[in-house]
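Work through the two exercises below with the model open. Each task is followed by a stepwise solution.

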Amino acid sequence: MPPLLEVKGLGKSFTIHHLNKIMQAVQNIEFTLNEGEFIGIVGKSGSGKSTVLKSIYRTYLPEKGEVLYRSDKFGIVDLAQLSEREVLYLRKHEIGYVSQFLNVMPRTTARELVEQSVIEMGKPEEEARQAAIDALSHFELDPELWDSYPNTFSGGQKLRLNIACAIVKNPRLLLLDEPTASLDDASKLKVREVIERLKADGTTLIGIFHDLEFMDGLCDKVYDLQEKTLV
Ligand SMILES: Nc1ncnc2c1ncn2[C@@H]1O[C@H](COP(=O)(O)OP(=O)(O)OP(=O)(O)O)[C@@H](O)[C@H]1O
C-alpha cells in the first residue's frame, strides 16, 4: 500500500511587498506518512511549521515540490497542483484541519456548526443531528453550551468544538495546528485523550505542538524542520 501522504521537496516563499523582499518560509521539506500514523512536526518559532500544514491543507499554494496524497475519491493526487474544486471536495470529505482558532459564523450555534459540517458532505439532516449530539458528547462540550453562540466560548471549549466539527466528517487525514497553545494542563490532557482516541480509530494525523512533553509517546515519528530529518 503506498503511503497516505508523501511530501517531496516542498518549498514556499512569501513576497513582503512593503519591504520589496522575498522571504523563504520553508525549503526542501520531505517526509512520508503511512495510513494510521501520527507525525509530529517540531522546529523553533518561525521555522515554518504552520506553513507546512497550510501547504498540505492548501490554505497556501505550495511553490515547489509535490504533496502526494492518496485520496479515496481521486486516487493519488498532488495537492500542490490540484484544482480548487477538488481541494474543496477533499476538505469536505477527507482532510480536516484543527487549530485553536474558531471560524465563527454569525448566529450559528455550536450544535448547528457541527451539523453543517455533516450536511455539507451531502448527508441527511437527521443523520447530521445525531452525529452532532454524538460528537459534542464525545468531546465533552458542556450540553448547556450546545445551543449558544461559540464566540463567547473559552479557548478549550472552542477547541473541543473545532475538533467535533472536524471529527464528524471522519477524515482520513487530520492536521492539528498547535491545538493546545492556549490551554491549561487539564485541557491539554483532554486533547491528548482525544488524539489517542483518534489514533485508535485509525485516523492519520499530523500535529504541531509547542511543548515536546505533550508529544511524548504520542507520535509515531517526529519531523524536525530545522534538521530536515525524521526521528
Ligand atoms: N501569509 C504569510 N505571509 C508572509 N509571511 C508568512 C506568511 N505565513 C508565514 N509567513 C512567514 O513564514 C515563516 C514561517 O512561519 P510559520 O507560521 O510557518 O512558522 P511556525 O514555525 O509555525 O511559527 P510559530 O511556532 O511561531 O507558530 C515566518 O517567518 C512567517 O513570517
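**Exercise 1.** Find what the buried residues of helix 6 pack against.

*Solution.* The buried residues of helix 6 pack against helix 5 (155-167), strand 7 (173-177) and strand 8 (204-208). This is a predicted model: local features need pLDDT of at least 70, side-chain atom pairs count only at pLDDT 80 or more, and totals for chains, interfaces and linings use all residues. Residues are numbered from 1 along each chain as its sequence is written.

Step 1: list the buried residues. In helix 6 they are Val-191, Val-194, Ile-195 and Leu-198 (buried: 20 or more other C-beta atoms within 10 Å of its own; exposed: 12 or fewer).

Step 2: An α-helix has 3.6 residues a turn, so residues three or four places apart point the same way.

Step 3: check the other side. There, Asp-185, Ala-186, Glu-193 and Ala-200 are exposed.

Step 4: look past the end. Gly-202 follows helix 6 and has a positive phi, near 90°.

**Exercise 2.** Describe how the axes of helix 3 and helix 4 cross.

*Solution.* Step 1: take distance and angle. The axes of helix 3 (residues 110-119) and helix 4 (residues 125-138) come within 8 Å and cross at roughly 125°.

Step 1: classify. Helix 3 and helix 4 are therefore oblique to each other (angles under 35 degrees count as roughly parallel, over 145 as roughly antiparallel, 65 to 115 as roughly perpendicular, the rest as oblique).

Step 2: name the contact (C-beta atoms within 7 Å). Among the residues making it are Val-114 and Val-118 of helix 3 and Ala-128 and Ala-132 of helix 4.

Note on methods: Helix = DSSP H or I, 4+ residues; strand = E, 2+ residues; numbered from the N terminus. Contact = placed C-beta atoms within 7 Å. Axes fitted to C-alpha atoms, helices over the stretch in contact; angles between N-to-C directions.
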